[in-house]
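Work through the exercises below with the sequence and the model side by side. Try each task before reading its solution.

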Amino acid sequence: MSKEELKKVSDSKTTKTIKKGEPIFEEGDKLNGVYCVRNGISKLSKLSANGKDQIVKLASKGEVLGQRSVISQESTNLSAIAVDDMEVCFIPKESITNTLQKNPNFTLEVLRHMAHDLKEADDVIVNISQKTVKQRMAEAFLYLKNNFGEDADGFLALTLSREDISNVVGTATESAIRIISEFKKKGLIHTSGKKIGIKDERKLLEMVEGF
C-alpha cells in the first residue's frame with residue numbers, strides 16, 4: 001500500500017478487546033470487515049456434521065482473519081475463538097475492497113496470503129487422512145513449541161485444553177487424553193495440570209516421520 005492508502009486504513013480501523021473463550025466471529029456470520037491480531041491467539045475451527053470442532057489453524061500476532069469471507073462476499077466458513085485474552089484491530093471492508101480495486105500490488109499480496117491459507121488447509125487434510133492419531137499428536141506438540149515457544153519452566157507457552165488438543169489433531173477427547181498419558185509414560189512429554197512440556201523432541205520427530 002502507498003502511504004496515503006495506509007493512512008486511510010489506519011484512520012478507519014478500530015481496536016477491540018476479546019476475552020478468552022469469546023468469539024471474534026462465528027461460522028456463518030456475514031463480516032463487515034477483517035480482523036488483524038495485535039495480541040493473543042485465536043483458534044480457527046470448522047464444525048463437522050457430528051457437531052465436533054476441527055481446529056484448522058491457530059492465528060497469532062500479525063495475522064489477518066476474515067479476508068476470504070470479505071473478498072468473496074460470502075458467509076464465514078470458520079469460527080474464530082480467542083484462546084487467551086486478545087487485542088484485535090477491525091478494518092471495515094470498504095477500506096479493503098477500495099484498495100483491491102485500485103492497487104494491483106496489494107491485490108497480488110492478498111492473493112498470496114489466501115494461497116498460503118489454502119496450502120495450510122491442504123496440509124491439514126493430508127495429515128488427517130495419512131497420519132495416525134499418535135503421529136498427529138506428536139506433530140501438534142512440536143508445532144506448538146516451534147511456533148509459540150516454551151515458558152521458564154519448560155512447558156509449552158500456549159496451554160490448550162485437552163478438548164482443543166483433540167480438535168487440532170482430529171480425534172476424540174478421550175483418545176487425546178489416553179495418548180498424552182502414553183507419551184508421558186514413555187518419557188516423551190511431562191505434564192503439570194493442563195500444561196504440557198516436551199522431554200524428548202527427537203523421538204517425537206521420529207514418530208511424526210514414521211520411524
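Helices (H or I, at least four residues) and strands (E, at least two) are DSSP runs, numbered from the N terminus. The model is predicted, so local features need pLDDT of at least 70 and side-chain atom pairs count only at pLDDT 80 or more, while totals for chains, interfaces and linings use all residues. Residues are numbered from 1 along each chain as its sequence is written, and side-chain values use heavy atoms, with hydrogens and water left out.

**Exercise 1. Locate the annotated spans and state what the ends and the secondary structure of each look like.**

Step 1. UniProt positions are given in the numbering used here, feature names are shortened, and annotations may be inferred rather than shown by experiment.

Step 2. An unreviewed UniProt entry places "domain: Cyclic nucleotide-binding" at residues 1-117. This span is 34% helix and 35% strand, and its end C-alpha atoms lie 21 Å apart.

Step 3. The unreviewed UniProt entry also has "domain: HTH crp-type", covering residues 131-202. Here the span is 54% helix and 11% strand, with end C-alpha atoms 18 Å apart.

**Exercise 2. Trace the sheet that contains E1 and explain why one side of each edge strand has no neighbour.**

Step 1. Two strands pair if DSSP finds at least two bridges between them.

Step 2. The order is E1-E8-E3-E6 in an open sheet of 4 strands, with antiparallel pairing. Strand E1 (14-18) and E6 stand at the edges and have a single partner strand each, so one side of each is left without a neighbour in the sheet.

Step 3. Go through the pairs. E1 and E8 run antiparallel and are joined by 5 bridges; Ile 18 stands opposite Met 86 in E8. 

Step 4. E3 and E8 pair in the antiparallel sense over 6 bridges, and Gly 33 stands opposite Pro 92 in E8. Between E3 and E6, also antiparallel, there are 2 bridges, with Cys 36 opposite Val 64 in E6.

**Exercise 3. Describe the hairpin of E9 and E10.**

Step 1. Strand E9 (residues 189-192) pairs with strand E10 (residues 195-198) in the antiparallel sense over 4 bridges. Thr 191 has Ile 196 in E10 as its bridge partner.

Step 2. There are 2 residues between the strands of the hairpin, and Gly 193 takes a positive phi near 65°.

**Exercise 4. Describe the largest pocket and the largest cavity.**

Step 1. On a 1 Å grid over the protein atoms alone, a cavity is a set of points where a 1.4 Å probe fits but cannot get out; a pocket is an open set with protein on both sides within 12 Å along at least five of seven lines; lining residues have an atom within 4 Å of a point. Grid points are joined across faces, edges and corners, and a volume is the space filled by probe spheres set on the points.

Step 2. The largest pocket has a volume of about 1300 Å³. Its lining has 42 residues, of which Val 64, Leu 65, Gly 66, Gln 67 and Asp 117 lie nearest the centre. H4 gives the largest share of this lining, 13 residues.

Step 3. Sort the pocket lining by class: 24 nonpolar, 10 polar and 8 charged. Ala, Val, Leu, Ile, Met, Phe, Trp, Tyr, Cys and Pro count as nonpolar, Asp, Glu, Lys and Arg as charged, and the others, Gly among them, as polar.

Step 4. The whole structure has 1 cavity of 30 Å³ or more, and about 60 Å³ of space lies in the largest cavity. Helix H5 (133-148) and E10 each supply at least two residues of its lining, which includes Phe 141, Leu 144 and Ile 196.
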